[in-house]
Amino acid sequence: KMEVMADDCDTRDILRPLVFRLHENVPAIVREVLLERGWTEFDKKEQDEADWNLYWRNSPFRMTDHHSIKPWQRLNHYPDAVRITRKDYLARHLKRMKGSYGSALYEFSPVAFIMPNDYAKFIAEYSKERQLVGRRPSYWICKPVDLSRGRGILIFQDIKDLVYDCTVIVQKYISNPLLISGYKLDLRLYVCVASFCPLTIYTYEEGLVRFATEKFDLSSLDNICAHLTNTSINKCGASYKKYKEGIGCGCKWTFSKFRSYLRIFGADDVLLWQKINNIVILTLLAVTPLPVASNCFELFGFDILIDDKFKPWLLEVNCNPALCLDCSIDDTVKRKLLHDIVELMNYKQIDTFRRNEVVGTKAGRRQVPWGTAGESTAGEAPGLLTCRKVAKCTSASSAQPDLQAAKGSIPHPRETLTSQLRERMNMAKTPSQAKPEAKNKQLPGAGHSPHKPAQLSHWLPTPDFCNYTLTTRPYFLSDKDQRPIPRVGDFVLIFPFNEAALQASRDGTDVKSIIKEIKKLVSKQ
Ligand code: ADP
């Protein structure tokens, strides 16, 4: 069989690995995961400038990077995503949305004042509260707008304790958080926006619960290990390594463990998850429209605090959520998260464009290093043969049976060559990936509806990209029906969530109509 293939085609084409580019300071796990998948690292000296598939960096890209993007490439940032990741910008956007669409929908973020600009407004609110007889005055938290990891944070009740020397937000402190065994916690939820235009949002079902490592106590506001749940703060605390009753050592749980915990206590974790998804959608709607850009995505870390009435609150949104590995739970969650992101990138036949366009690299074409692939080559051969067949097909779906047979015994996620082939062929990896998501609202009939004519002009904004309209489409659309893929690994599509939301996000984002749909959803929850 291999001989047939060698005669039949240029095997070097098939074996060319996908290529990643990393900017400085990208966490080591990103490189590790991509190497595990059989990718190779971009080499400026050896390769053509456009000969890469994924460029990952911790800071924004230049607009020229966005404008010169090729169909086979992806960037890990969307232009202007900072609109929600700076605390003051987020507060301003949410306040505006509250004004336009009502506080009932937008009351998931604690009241905030941007200092020094809002000083007078804050004093008015503070004084009003103090004059109310019989009501205990609120607690407040003061946070520098562009710092992270709990740096520079202060909690206070009396205004005489408020000091700041830079722009800060002063936010109502949620003083009744849900506690587990007396410890405060919050959720680090991973959200991948595959596109802002059309808005396409996935939330990750697994995630991190982050605990404070000292028991919650409102009489000691300056004990940061009792009030802040940042790992960077708590891992330096005396109790981090100690066994804490009900929590264990360290300061993290997975969402899975948290869900089991909630179920044991009869709490409705599905409803909580729906409410959190609503927060994510409403928050992202607040920053639309963003500049149109294709082939880029944004991985956000949403920080969600749950109070003792089981209401989720949005604390902040992070770009470049921490991908460092402080403990084994980090490794489990973040490694799989990165694998699933690459799956979501849906590298498939599109990469044949790279092979055709980047004719000959500076040092000639490179091959997958068979010896370093880490798996028996014999086991891969059927996959390669199938790949060759599929690469010639115009429709990936016609190739599914062959591919299914080929993937059979391949383990996940430590795959190399096979993963690459799958990435190029856009095939499901595990049975769970293909199964419909029961808990979350989906596009009715996603994956089942009759084929709709392609409306590529709506989805392909840059002129460069439009050169490839014949066979390419945005990576998050399924081959079958041009709709966003409902589930990829643990990523679940939460927007668009129905046909009306899909239509309202096709030509620009019709926020008003989308909000109307969300209101209907909320009223049923
Ligand atoms: P940073 O970017 O520095 O991490 P955050 O806004 O995420 O800033 O706040 C850090 C931590 O402080 C949160 O993880 C949470 O534990 C706590 N916190 C922040 N804001 C509030 C709030 N309004 N109410 C209660 N706790 C809060």
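How many disulfides does the count come to, if a disulfide is a pair of cysteine sulfur atoms within 2.5 Å? By this rule the count comes to zero. The sulfur of C327 has its closest cysteine sulfur in C251, at 6.8 Å, which is too far for a bond. C327 has a relative accessible area of 25% and is therefore partly exposed, a class that lies between buried (under 20%) and exposed (over 50%), with a 1.4 Å probe and protein chains only. C319 also counts as partly exposed, at 29% relative accessibility.

The model is predicted, so local features need pLDDT of at least 70 and side-chain atom pairs count only at pLDDT 80 or more, while totals for chains, interfaces and linings use all residues. Residues are numbered from 1 along each chain as its sequence is written, and side-chain values use heavy atoms, with hydrogens and water left out.

Around the ligand there are 25 residues, of which K143, G150, T229, N230 and E316 come nearest; a residue is near if one of its heavy atoms lies within 4 Å. By class, this shell has ten charged, nine nonpolar and six polar residues. Here Ala, Val, Leu, Ile, Met, Phe, Trp, Tyr, Cys and Pro count as nonpolar, Asp, Glu, Lys and Arg as charged, and the others, Gly among them, as polar. Strands that each supply at least two residues of the shell include β6 (140-144) and β15 (312-319); strands (E, at least two residues) and helices (H or I, at least four) are DSSP runs numbered from the N terminus.

An oxygen atom of the ligand lies 2.7 Å from a backbone N or O atom of G150. In Q171, an N or O atom of the side chain is 3.0 Å from a nitrogen atom of the ligand. A polar side-chain atom of D303 is 3.2 Å from an oxygen atom of the ligand. The protein buries 99% of the 540 Å² that the ligand exposes when taken alone, with areas from the Shrake-Rupley method and a 1.4 Å probe.

Most peptide bonds are trans. A cis peptide bond joins M115 and P116, with omega about 10°, and P116 is in the loop between β5 (112-115) and α7 (119-131).

Note on methods
A polar contact is a pair of N or O atoms within 3.5 Å; within protein, one must be able to donate a hydrogen and the other to accept it, and residues adjacent in sequence count only if both atoms are side-chain atoms. A disulfide is a pair of cysteine sulfur atoms within 2.5 Å.
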